[in-house]
Amino acid sequence: MCARRVLRAGLGGHTLQGPLTRRRKLERLFTDPMPQRVEPCLALLSSKAPNGRDWSYEIKWDGYRVALHIEPGERVRIITRGGHDWTSRFPVIAHDALELGVDSAILDGEAVVVDERGAPDFGALQKALGGFGGTRIVTQAIFYAFDLLYLNGHDVRALGCEERRGILEDILGDSPHNSIHLSEDINADGPAFLRMACEMGLEGIIAKRRSAPYRSGRGGEWLKIKCVQSESFIIIGYEASTEALGGVGRILVAAREGSQLVYVGSAGTGFTDASAIALRKQMDRIITEKPAVNMTGRSKAYRWVKPELVAEIEFRAWTDDGKLRHASFKGLRESADETEIYELLKT
């Protein structure tokens, strides 16, 4: 049973809201030009799940944020958050998009690879893509659509989230394909849904205001609540080891503080033999003599690298002196994903 169905069953039999037929409202709108690209709406990090009638909840998918453009003339484009065209890398999703029965549309969602439980697996997605900088075609990826921005000549971003979702449910409700799924809206108590997600080992949940229009940027209409903290940091060096996997004892990472980089600790777990070997090769290509941050008093055995690689790091907490506690490597982020480096608040 996939993760979203387990979650729904575990919440006392709560089911999704019934599909809302909204297409008739679009008939009253003027035809709008189709955007070449829309900057995505981003979720603001929150320490707790909100509750109330104006909030809806979904699984937080751990993959690559992409927009699925279905354009007139049976043309499909799959655009990453950073604006890169990855259509050729997800051929099954692109093929299935043409069979959704729409003339034109822009769907916002996440491309993921799932494990045997149906839960998203970021490491598996990276492996399928060929690792950092890889160019492999991914046939097993699933596109989880969670919003609709444009449909059949009409820009629907001004509609409320619930109305946009109702139209999206109409489009995807009868889809026979395995590669395009609806990211289901769980009708549940927010804190209870978060607890269930955490018990299942998922990354967290997303909460959205049902009445809010679609706005690009991080305006607070969407919130992300995580079970385990996971953020993106710059790799500034590593400690070589003849005993560790791939020869990488641990990597040293930094966060942003204003215009500067600040060392925030190291990660020595989470590697597989293959990922450690691949990472070591990437780092050895950008070796430099001096660290990108002030590392006074640190071991001279470290090998410094140019601050070009972005690592996704899981951790439990921050120490009193501003370092990551129990940090673990998840993978490298592609530039196409336009990941934001974690920024420290100035004190």
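A residue counts as buried when its relative accessible area is under 20%, as exposed when it is over 50%, and as partly exposed in between. Keep that in mind as we walk through this structure, which is a predicted model.

**The overall picture**

The protein has 347 residues, and 53% of them count as buried. Its secondary structure comes to seven helices and 19 strands. Among contacts with a separation of 6 or more, 72% are between residues 24 or more positions apart. The accessible surface comes to about 16,500 Å², and carbon and sulfur atoms hold 47% of that area.

**The cysteines**

Let's begin with a bond. A disulfide is a covalent bond between the sulfur atoms of two cysteines. This protein has one disulfide. It joins Cys 198 to Cys 227, with 2.1 Å from S to S. The torsion about the S-S bond of Cys 198 and Cys 227 is about -90°, so this disulfide is left-handed. Cys 198 belongs to helix 6 (residues 190-199), while Cys 227 sits in the loop between strand 10 (222-226) and strand 11 (229-240), so the bond ties together parts 29 residues apart in sequence.

What about Cys 41, which is in no disulfide? The nearest cysteine sulfur to Cys 41 belongs to Cys 161 and is 8.6 Å away. For the sulfur of Cys 161, the closest cysteine sulfur is that of Cys 41, and 8.6 Å is too far for a bond.

| Cysteine | Relative accessibility | Class |
|---|---|---|
| Cys 198 | 32% | partly exposed |
| Cys 227 | 25% | partly exposed |
| Cys 41 | 2% | buried |
| Cys 161 | 6% | buried |

**Inside the protein**

Which residues touch the most other members of the largest nonpolar core? They are Leu 68, Phe 90, Leu 107 and Leu 172, in a core of 35 residues. Several elements give two or more residues to this core, including strand 3 (64-71), strand 5 (105-112), helix 4 (122-129) and helix 5 (161-172). Another core, of 24 residues, lies apart from it; among its members are Ile 235, Val 248, Leu 279 and Leu 332.

Take a closer look at Leu 68. Beyond its neighbours within four places in sequence, Leu 68 is in contact with residues including Val 76, Ile 93, Leu 107, Phe 143 and Ile 180.

Val 112 lies in strand 5 and is buried, with a relative accessible area of 0%. Val 112 and Trp 61 are 51 residues apart in sequence, yet their C-alpha atoms are 7.2 Å apart in space. Not counting residues up to four places away in sequence, Val 112 touches Trp 61, Pro 120, Leu 125 and Tyr 144, among others.

Now turn to an open sheet in which four strands follow the order 1-10-9-2, with mixed pairing. Strand 1 (44-45) and strand 2 (55-59) stand at the edges with a single partner strand each, so one side of each has no neighbour in the sheet. Strand 9 (residues 204-209) pairs with strand 10 in the antiparallel sense, over five bridges. Within this pairing, Ile 205 stands opposite Ile 225 in strand 10.

Which helix packs on this sheet? Helix 6 does, touching strand 2, strand 9 and strand 10. The direction of helix 6 makes about 155° with that of strand 9.

Technical notes. Residues numbered from 1 in each chain as written. Predicted model: local features only at pLDDT ≥ 70, side-chain atom pairs only at ≥ 80, totals over all residues. Heavy atoms only, no water. Buried < 20%, exposed > 50% of the residue type's maximum accessible area, 1.4 Å probe, protein only. Contact = heavy atoms within 4.5 Å. Areas by Shrake-Rupley, 256 points an atom, 1.4 Å probe, with all protein chains shown as cover. Core = buried A, V, L, I, M, F, W, Y, C linked by side-chain atoms within 4.5 Å. Disulfide = S-S within 2.5 Å. Pairing = 2+ DSSP bridges. Axes fitted to C-alpha atoms, helices over the stretch in contact; angles between N-to-C directions.
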